[in-house]
Structure formats: structure tokens, C-alpha cells
There are 2 protein chains.
Amino acid sequence: MSRSPGRLVTLADVETAAAAINHQVVRTPLLVAEWGLADAPLWLKAESLQVGGAFKIRGATNAVARLDAEQRARGVVTHSSGNHAQALARAGRAAGVAVTVVMPSQAPAIKREATRAQGAEVVLVDISERAAATSEIQRRTGAEFVPPYDDPAIIAGQGTIGLEVVAQLPDVATILVPVSGGGLISGIAVAAKALRPGVRVVGVEPELAGDLAEGFAAGQRVEWSSADTGRTIADGLRVTAVGARNWDHIESLVDDVITVSEDEIVAAMRRIVVESRLVCEPSGAVAVAGYLRYAERLGQGPTVAVVSGGNVEPARLADVLTRTP
Amino acid sequence: MSRSPGRLVTLADVETAAAAINHQVVRTPLLVAEWGLADAPLWLKAESLQVGGAFKIRGATNAVARLDAEQRARGVVTHSSGNHAQALARAGRAAGVAVTVVMPSQAPAIKREATRAQGAEVVLVDISERAAATSEIQRRTGAEFVPPYDDPAIIAGQGTIGLEVVAQLPDVATILVPVSGGGLISGIAVAAKALRPGVRVVGVEPELAGDLAEGFAAGQRVEWSSADTGRTIADGLRVTAVGARNWDHIESLVDDVITVSEDEIVAAMRRIVVESRLVCEPSGAVAVAGYLRYAERLGQGPTVAVVSGGNVEPARLADVLTRTP
């Protein structure tokens with residue numbers, strides 16, 4: 001049974017997003033990794049140096065920028081306990097738009113406080129009631145719901161990374177992107193494939209959260225349990241399935257999806273920190289782990305790995321540094 | 001007793017250096033630190049992301065670029081066990097110029113190997129014979145001696161950081177620079193003061209290696225013992241006195257010299273790593289430590305701290321991360 005895909009985000013959408021967000025986000029550096037392979041030089045797109053330490057601010061800022069005056073006055077709402085909530089809070093504050101974040105009452109206090117510190121209102125509910133509570137806030141306030149990845153504005157915002165990569169490295173051959181809900185890889189694929197039809201865009205997942213790798217091989221979106229995806233150290237990549245809209249982009253535009261082990265993620269993280277001097281979180285090391293594992297399968301030419309974020313607990317980072325490599 | 005200063009390096013020298021080295025060095029990012037003070041926003045010039053993980057490649061590449069054909073054929077020599085040796089080795093290899101490094105036989109094997117890995121010949125001698133052995137190599141081979149800081153080409157090369165800072169942040173009010181031999185601050189002061197006469201350029205030293213702070217207050221260059229300067233954790237800043245030529249630049253161009261404690265260096269390093277997600281070495285955190293300690297004395301306006309390098313042992317970094325802040 002086939003399903004007709006919705007309209008995909010276009011290069012023009014991504015370029016519009018870039019114009020809307022460029023004054024609020026960092027054009028992150030693309031840094032050569034001197035420890036890359038000779039025939040596939042490795043470049044790191046350091047989104048760990050982005051505002052808030054992760055790429056999420058791009059999509060969130062674009063989603064807020066696309067609101068009209070009435071929507072701005074009514075505010076936005078999301079449910080999340082992670083980087084998307086903080087990014088939306090930050091983007092809303094910068095634009096003078098009220099942000100409400102529905103969080104499970106079990107979420108760590110540090111995440112609640114970080115989101116409040118960005119000026120958002122945090123509403124705590126039992127995890128089973130998140131969706132209902134969000135709908136209730138939408139009904140009551142008219143707030144616009146901003147989902148974390150299954151949304152054209154979010155995809156277009158994350159896609160600005162693709163524009164920058166092509167500008168920074170015009171002969172890029174391969175772009176490796178970590179996959180969770182699929183917003184990042186969808187946007188990057190739109191921009192990079194439109195500007196460089198020959199570029200390979202490859203998704204990378206932890207083996208323990210390999211729902212897209214399984215679905216991509218089978219030709220249909222699959223969902224894993226959160227008990228399964230929750231096993232990986234890469235806490236940013238535990239979403240149980242890519243979004244429906246993200247699946248449409250990935251099916252149309254992405255060349256391959258590969259997976260890496262937990263040990264490979266930790267080893268890649270160590271190399272990024274020690275040899276390229278970038279602090280990165282486990283999720284941010286997954287694309288580099290894919291590069292190190294699959295050099296032959298990926299082919300030759302300049303290769304970009306997106307280091308998607310650098311928000312790691314100091315104790316976790318210290319642990320990675322003191323393990324024997 | 002006053003001494004007439006030699007000719008200072010000029011803005012034109014720095015601009016010539018920039019044209020000579022730009023294709024071989026990274027234009028490092030200038031990143032806003034969200035944890036800076038409201039009335040003196042903090043920006044980090046991330047030389048930790050430079051080729052080789054430190055600013056030294058700028059001066060070394062410029063020194064090699066300024067050789068004529070005969071000098072190139074005869075090669076270069078230096079004596080150092082640190083970043084300058086590795087930077088010169090790298091710059092020489094890139095330009096096809098032979099590099100000899102005289103090192104004390106007591107130098108750690110890891111430093112010898114790192115310098116050899118960059119293609120240099122390493123000559124081991126007793127530390128008391130370093131200068132004599134270097135002179136002997138110069139006589140025998142005709143190699144050009146490239147000192148680590150007391151040299152116009154080195155100063156002009158490091159000064160390219162000043163050009164970049166002014167281009168990246170045109171309204172910069174203060175630039176904080178760690179001081180060891182004085183090559184970095186001399187070059188930055190030349191460029192920044194020529195382009196922005198009102199900018200403040202301030203040197204920062206560890207209290208335990210505060211030879212320039214003492215000399216600057218007294219109006220004359222002073223030298224400390226290596227037993228004294230060797231006490232600081234900031235191993236890149238243990239030079240016992242700034243160079244004579246560097247003193248001339250500093251006396252003419254630098255506004256202030258401040259010092260920081262060992263605890264303040266460690267605290268600054270932790271903030272740079274955890275809150276700005278840049279790996280930095282202790283020497284690279286000294287300018288930020290100065291910012292955190294002397295906010296009032298430094299005055300208002302956008303403030304740049306040069307994060308001079310990121311070459312830190314993983315175990316040392318882990319130790320800093322696990323200390324209670």
C-alpha cells in the first residue's frame with residue numbers, strides 16, 4: 001500500500017528561513033578534522049557552537065518568525081522535555097512571543113529550570129496527559145502548536161545548515177546527519193540536494209535506536225518502542241520513529257541510513273573532544289561514528305559530519321575522557 | 001636609564017602576513033559567551049580551533065613565508081619543546097622547507113614524537129646546551145633561526161588575530177590576551193590599535209608567572225626565575241620574561257596587565273568547556289579568568305578574550321570537570 005507524500009519543503013523555503021533567522025543564530029564553523037582519512041577528508045559542522053549548544057534554535061526561530069501578528073499575540077505551545085523546548089523558549093523570548101511548554105512532571109528539575117530561565121511558562125502534567133494538556137492549552141489560549149520535527153517551518157529552519165555547508169565546502173561529496181525525529185536530515189537534504197544534486201546525504205542512528213535504518217531498508221516507516229530506543233547513550237536520538245512528513249522527505253531525498261554501536265559513539269565522542277577540541281554530546285558524535293565505521297561504503301571525497309550538539313553533563317564528559325580508548 | 005625601542009611591527013606588516021598565511025590557517029570563530037556580563041558582553045576568539053589547536057601556526061607560517069629562495073633551501077631551526085616547535089614543523093612541511101628542532105633530552109617523549117610526526121628533525125641535547133647546539137646547526141647548515149616570540153615575522157603573524165577580531169566585532173571595546181613571551185599580545189595590539197585607536201588591549205598572566213605585570217607596573221622589563229614561573233598550571237605561560245622586542249611593543253601599545261590566581265584559571269576553564277563547549281587548555285582560559293575577576297576595572301563594552309589554545313591532556317580536562325565548581 002503506497003501513500004502519496006505531502007508537499008516537500010523546497011530550497012526556496014530554506015532560503016526564506018535563512019533570511020529570517022540569520023541575525024539570531026550562529027553561522028557555525030565548518031572545521032577540518034586533521035584525523036580524517038586521506039581520500040575522504042572529514043569536516044565537522046559544529047552545531048555544538050550554536051546558540052544554546054544545539055541546532056534546534058534554527059527551526060524554532062523560523063517557526064516563530066513565520067507567525068502572523070495574531071498568532072504572535074496568542075503565543076506558542078509545545079510538549080517536550082529537551083532541547084526543542086529550550087530552543088522554542090529562547091526563540092519566543094527573542095521575538096516577544098509567549099511560550100508555554102508542557103513537560104512531564106517526572107522531567108529532571110534541571111530541564112524545567114533551564115526552560116523557565118529562558119522565559120517560558122512550564123506546565124507540569126503526568127506523562128500520559130501531555131498531548132491532552134497541550135490540546136487544552138491550544139483551545140483555551142489559541143496558542144499555536146510548534147512540534148519538534150514534523151513541521152515545514154522546523155524542517156526549513158534546520159535546512160539552513162545545508163545551505164551553509166554547501167557555501168563553506170562547495171565540493172562536498174557526502175553529508176552525514178544524526179537522525180532522531182528526522183527534522184534535521186529532512187532540511188539538510190532539501191537544501192544540499194537542490195544545490196548539489198550529486199551530494200550523498202546519509203542518516204546515522206545508534207543501533208539501539210535504529211528505527212529509521214530498519215524502515216529505510218524495508219521501504220516503509222516503522223516505529224520502535226521507547227523501551228528499545230531508550231537504551232542508547234545518545235539521549236537526543238531516542239525518538240521512536242521519524243515523523244510522517246520527515247519520512248516523506250527521507251524517502252525522496254536520503255541516499256542511505258547506517259547505524260553505529262554504543263562503543264563507536266563513545267570512541268567518536270572522545271576523538272571529537274580530544275583531537276578536534278569540540279565539546280560534544282553523545283548524539284552529536286553519532287555522525288562521526290558513522291564516518292569512522294563505514295568509510296568504504298560511504299565513498300570518497302570531502303565528507304561533512306554534523307556535530308549536532310554539545311550539551312553534555314560534565315561528569316559524563318569526564319567519564320568518556322578517562323576511559324581507555 | 002632609557003633605551004630607544006626598535007622599529008615596531010606595523011599594521012601593513014600584519015596585513016601582509018594575513019595575505020601570506022590565510023590559505024593555511026583557520027579564520028577562527030568569534031563566539032559570544034552567553035554567560036558574560038550585560039554591560040560588557042564577552043566574546044571568545046577560539047584559537048583552540050586553529051590548526052594544531054593553538055595560535056602558534058599563524059606566526060610560524062608567516063616566518064616561513066618570508067624566507068627567500070636561498071633561505072628556504074637551507075631550512076629553519078628553533079629550540080623549543082612546545083607548541084612553537086610543532087607549529088614550525090607543520091608550517092615548514094606545508095611549504096617544503098626543512099625544519100630542525102633542538103629539544104632538551106628531558107622533554108617528554110610525546111612532544112618529541114608529535115614534532116617528528118609533523119616531519120621535523122628533532123635533535124636532543126642537554127638543556128644547558130640548547131642555545132649552543134642551535135648555533136652550531138645554524139653555522140653548519142645555514143638554517144635560519146626562527147624564535148618563538150621575539151621576532152617581527154612571528155609578531156606580525158600572531159597579529160592577524162587582531163585583524164580578524166576587528167572585522168568580526170567592529171565595536172570591540174577591550175581585548176584580553178594571555179601573555180607568555182609576548183608575541184601574541186604584541187601582534188594583536190599592533191593591528192587592533194591601528195584599526196581602532198580607542199580599543200583597550202590588556203595582558204593577562206597567572207599570578208605565579210606575573211613577570212610582565214610586575215615589569216609593566218615598574219616601567220621596565222623584568223625577568224623571573226623558571227622555578228617561579230614553573231609553578232602555574234598554565235604551562236604555556238611559563239616563559240620567564242617577555243622578549244626585548246615584545247617589551248617595546250607592549251610598553252607602547254598595551255593599556256594594562258592584570259593577573260589571576262590558579263583557582264580562577266581552573267574556574268574559567270570549566271566555564272569555557274561547560275558553558276561555551278570549547279575544549280581549552282589552562283593557558284587558554286587565562287584571559288577569561290581576567291574578565292571574570294576584573295570586570296569593573298576593565299570597563300564597559302564588547303570584550304574579547306583570546307582562548308589561545310586547546311591542547312590539554314584528557315586526564316587534566318577530566319579532573320577540571322569533576323572538581324566542585
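## Surroundings of B:Ser186

Apart from neighbours within four places in sequence, B:Ser186 contacts B:Ile155, B:Asn246, B:His249 and B:Ile250. The model described here is predicted. B:Ser186 lies in helix H8 of chain B, which covers residues 183–195.

The relative accessibility of B:Ser186 is 1%, so this residue counts as buried, the cut-off for that class being under 20%. B:Ala218 is 32 residues from B:Ser186 along the chain, and 19 Å separates the C-alpha atoms of the two.

## Relation of the two chains

Chain A is superposed on chain B by a rotation of 180° with 0.0 Å of shift along the rotation axis, at an RMSD of 0.0 Å. The two chains are therefore related as by a two-fold axis. Within chain A, A:Ala318 has the C-alpha nearest the axis, at 2.1 Å. Both copies use the same surface, as 100% of the contact residues of chain A recur in chain B.

## Packing of H15(A) against H15(B)

Helix H15 spans residues 314–322 in chain A and residues 314–322 in chain B; the axes of the two helices come within 9 Å and cross at roughly 160°. Angles over 145 degrees count as roughly antiparallel, and H15(A) and H15(B) are therefore roughly antiparallel to each other. Their crossing is left-handed.

On the chain A side, the residues that meet H15(B) are A:Pro314, A:Leu317, A:Ala318, A:Leu321 and A:Thr322. Their partners in H15(B) are B:Pro314, B:Leu317, B:Ala318, B:Leu321 and B:Thr322. Of the residues in this contact, 8 are nonpolar, 2 are polar and none is charged.

Conventions:
Residues are numbered from 1 along each chain as its sequence is written. Chains are lettered from A and ligands numbered from 1 in the order in which they are written. This is a predicted model: local features need pLDDT of at least 70, side-chain atom pairs count only at pLDDT 80 or more; totals for chains, interfaces and linings use all residues. Side-chain values use heavy atoms; hydrogens and water are left out. Axes are lines fitted to C-alpha atoms, for helices over the stretch in contact, and angles run from 0 to 180 degrees between N-to-C directions. Helices (H or I, at least four residues) and strands (E, at least two) are DSSP runs, numbered from the N terminus. Angles under 35 degrees count as roughly parallel, over 145 as roughly antiparallel, 65 to 115 as roughly perpendicular and the rest as oblique. A crossing is left-handed if the near helix is turned anticlockwise from the far one by less than a right angle, and right-handed if clockwise. Contact means heavy atoms within 4.5 Å. Ala, Val, Leu, Ile, Met, Phe, Trp, Tyr, Cys and Pro count as nonpolar, Asp, Glu, Lys and Arg as charged, and the others, Gly among them, as polar. Copies are superposed by least squares on the C-alpha atoms of residues with pLDDT of at least 70 in both. Buried means under 20% relative accessible area, exposed over 50%, partly exposed in between (1.4 Å probe, protein chains only).
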